[in-house]
Amino acid sequence: MEFKCDCGNGAFKDKCKLFEDKAPHNERNTYNHNFVNSYCWCKRPYPDEEAPIQDSQLQCIACEDWFHLSHSGIPEEQKAEYSSYEYLCKECNDRLPFFAKVGRDAVDEETMTCSKETREERGGRESTQEGDTAPVHLLKTGWRKKLCDCPKCEDLYDKFNCDWIHDPDDSLEKFDEEASKKIKEEDEESEKELTKFMQAQDKDVVVNVITEMNLMKRKMREFAERMESMNEVVTPEHIKELFEGLKRERQMKFNERMEEISEGKGRRNGDEDRMRDAEH
């Protein structure tokens, strides 16, 4: 994809501060119905408050639209394993015929070459542009290795605006890898900051912090399990309700503690009064 930021182009009064020579209009920017919270063939919003059950969604690697699993076209026997593959929607199947050869099968070490060569010249290898054209919805990790990279096929990819097709960084696997790496780095940095903070506090503060952290972990786990059991999409309202509940629970515990302190102080004062009376 060649999506570019549109800020500062001809639609705006001020120029872009990063690229002053930005073109007034990028013709390759495509705004589909996702930009107005409409998804899939059914054009429903996400999350869909009217849906009795929230269906999983998959993003097509070519058009980047999102589709409900139930509307994806994936055969029933393959739906259980969809999360291990990249997805190609029906329209892109029809529009991009060379994907028919790079489906769920194991990736061969040999790359595929174009149909302009004879099978003998190809060494018996399959062609990117000929043969079975049955719809392929799930693409196995490494499918890019099966694509031909001869000049004719490269021209074909360009013709269909698929110049991203050989980019290994433009893959679900790479995205997950980078996301996991970033989360790990952020967790390690947070751990360092927390350790530094703890070392500078007295014992009572450390105990209170650990108690609150464990409470938060428990509540978040219970929240996640509840949402999963109800098959609901987490919304801002759910998060707001979660933290309001935590705030109420913390306030109740604070009030109970203050009552205990007040009652203890009252008992101590009563004991002191009785001791003074006994002395007299």
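Which element supplies the largest share of the lining of the second largest pocket? In this predicted model, that share comes from strand 1, with 3 residues. Strand 1 spans residues 57-59, and together with strand 3 (86-87) and helix 3 it belongs to the elements that each supply at least two residues of the lining. The second largest pocket has a volume of about 460 Å³. A total of 17 residues line this pocket, and those closest to its centre are Gln 59, Ile 61, Trp 66, Glu 86 and Leu 172. By class, the lining comprises 9 nonpolar, 4 polar and 4 charged residues.

Helix 3 covers residues 172-199 and helix 4 covers residues 203-230; the two pack at an angle of about 145°, and their axes are 10 Å apart. The crossing of helix 3 with helix 4 is right-handed. On the helix 3 side, the contact involves Leu 194, Phe 197 and Met 198, which meet Val 206, Val 209, Ile 210 and Met 213 of helix 4. This contact has 7 nonpolar residues, with no polar and no charged ones.

Aromatic pairs were also examined. The whole structure contains 2 such pairs. In one of them, the ring centres of Trp 41 and Phe 67 lie 4.6 Å apart and the ring planes stand at 45°, so the pair is classed as tilted. Trp 41 is in the segment before strand 1, whereas Phe 67 is in strand 2 (residues 66-68). The two residues are 26 residues apart, and the pair thus links distant parts of the chain.

How values were computed
Residues are numbered from 1 along each chain as its sequence is written. This is a predicted model: local features need pLDDT of at least 70, side-chain atom pairs count only at pLDDT 80 or more; totals for chains, interfaces and linings use all residues. Side-chain values use heavy atoms; hydrogens and water are left out. Axes are lines fitted to C-alpha atoms, for helices over the stretch in contact, and angles run from 0 to 180 degrees between N-to-C directions. Helices (H or I, at least four residues) and strands (E, at least two) are DSSP runs, numbered from the N terminus. A crossing is left-handed if the near helix is turned anticlockwise from the far one by less than a right angle, and right-handed if clockwise. Contact means heavy atoms within 4.5 Å. Ala, Val, Leu, Ile, Met, Phe, Trp, Tyr, Cys and Pro count as nonpolar, Asp, Glu, Lys and Arg as charged, and the others, Gly among them, as polar. On a 1 Å grid over the protein atoms alone, a cavity is a set of points where a 1.4 Å probe fits but cannot get out, and a pocket is an open set with protein on both sides within 12 Å along at least five of seven lines; lining residues have an atom within 4 Å of a point. Grid points are joined across faces, edges and corners, and a volume is the space filled by probe spheres set on the points. Rings of Phe, Tyr and Trp (its six-membered ring) pair if their centres lie within 6.5 Å; planes under 30 degrees apart count as stacked, over 60 as edge-to-face and the rest as tilted.
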